[in-house]
Amino acid sequence: MPLPRKDLSQAESFPRCHAGRVTGSAHLRELGEFLRHRRGELTPAQVGLPERGHTQRRVRGLRREEVAELAAISTDYYVRIEQGRLAPSKPVLESLARELRLDGDQRTYVEELVGQAARAGHRRTPRRSARPKVHPHLTRLLGQLTDTPAIVFGPRLDILAWNPLAAELLCDFAVVPESERNYVRMVFTDPVMREIYPEWEDVARTCVEVLRMEAGTNPADPALTALVGELAVADPQFRVWWAEHRVARQDFGSKRITHPVVGDLTLDWDTFRYAGAPEQQLVLWSAEPGTSDAESLAALARATTRSQ
């Protein structure tokens, strides 16, 4: 006979001395929404629960009481978490992550949300500037990279700076108004981006997932809220994908590009985070030496140098 599960409802939660600011925070509301959508994606069979009778289920996915049973907490405790009124303790969060089958990025996301909520209870969250200035050292580095496309991204994937080869590879960012110079916005609203990415849907979905991960750091960021609202109105696919609450943290990968001059090529991209400006990241594009992709990139670099 299996041993009964320990009830985690009484486990110590995050500090309550600032409960007025922790409870109901934007981070906890985001956590609650994420958990609600995640349980909606699972069935009792997927988590090892028996089907109980033939009563038609009134909700998609798992019921709240089923999640509570799996996590060994009371239903009321779980309801308060999902409503954004309670920060779960670390054991409860680990149990929920396990029972809701969260992957590595999803676990990081919920842990950051709870951690940010706890820290917000002790100090005022610094207001993030809408668009930071690119760090001078990164600007210098961009000027020295002539054979490698490079872009500096800020929060929300704002495009802060780029080198000429990146502009030649993707598009001329200089003609885009600075207030609209955001990679996610351009992927969804600029027809050029749909043309250069043959696998546009995969690129766009990843953008949404990365942006949702950003929301875990600062869900009350007014610039992020404005961007999401704008794209939800402009593109129905963005609206659907954002509502799915999927998250991802990607630091490397590859993309296929259809370029009007050198044709189709597949490039690897890698992200480097700069310690001197933690919210800024340098993304470099490259190709395997000796491949046709490397030859195409080199040809594009030569053409870019000649045109300067």
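A helix crossing is left-handed if the near helix is turned anticlockwise from the far one by less than a right angle, and right-handed if clockwise. The legends below refer to a predicted model.

**Figure 1. Crossing of helices α3 and α5 in the predicted model.** Helix α3 spans residues 64–71 and helix α5 spans residues 90–99. The two helices cross with right-handed geometry. Their axes lie 9 Å apart, and the packing angle is about 115 degrees. Angles from 65 to 115 degrees count as roughly perpendicular, so α3 is placed in that class relative to α5.

**Figure 2. Residues in the contact between α3 and α5.** Helix α3 contributes Val-67, Leu-70 and Ala-71. From α5 come Ser-95, Leu-96 and Glu-99. Sorted by class, four of the contact residues are nonpolar, one is polar and one is charged.

**Figure 3. Salt bridge between Glu-66 and Arg-63.** The closest N and O atoms of this pair are 3.5 Å apart. The two partners fall in separate accessibility classes: Glu-66 counts as buried because its relative accessibility is 2%, whereas Arg-63, at 24%, counts as partly exposed.

**Figure 4. Salt bridge between Arg-131 and Asp-158.** The side chains meet with an N to O distance of 3.8 Å. Arg-131 sits in the loop between α6 (104–120) and α7 (136–144). Asp-158 is in the loop between β1 (150–153) and β2 (159–162). The pair thus links distant parts of the chain, 27 residues apart. Both Arg-131 and Asp-158 are buried.

**Figure 5. Salt bridge between Arg-256 and Glu-199.** Here the closest N and O atoms are 3.2 Å apart. Arg-256 is partly exposed, with a relative accessible area of 35%. Glu-199 is also partly exposed, at 38% relative accessibility.

**Figure 6. A network of salt bridges.** Shared partners join Arg-38, Glu-41, Glu-201, Arg-205, Glu-244 and Arg-246 into one network. Side chains of opposite charge can pair when their charged atoms come close. A search of the whole structure finds 20 salt bridges.

Methods. Residues are numbered from 1 along each chain as its sequence is written. This is a predicted model: local features need pLDDT of at least 70, side-chain atom pairs count only at pLDDT 80 or more; totals for chains, interfaces and linings use all residues. Side-chain values use heavy atoms; hydrogens and water are left out. Axes are lines fitted to C-alpha atoms, for helices over the stretch in contact, and angles run from 0 to 180 degrees between N-to-C directions. Helices (H or I, at least four residues) and strands (E, at least two) are DSSP runs, numbered from the N terminus. Angles under 35 degrees count as roughly parallel, over 145 as roughly antiparallel, 65 to 115 as roughly perpendicular and the rest as oblique. Contact means heavy atoms within 4.5 Å. Ala, Val, Leu, Ile, Met, Phe, Trp, Tyr, Cys and Pro count as nonpolar, Asp, Glu, Lys and Arg as charged, and the others, Gly among them, as polar. A salt bridge is a side-chain nitrogen of Lys or Arg within 4 Å of a carboxyl oxygen of Asp or Glu. Buried means under 20% relative accessible area, exposed over 50%, partly exposed in between (1.4 Å probe, protein chains only).
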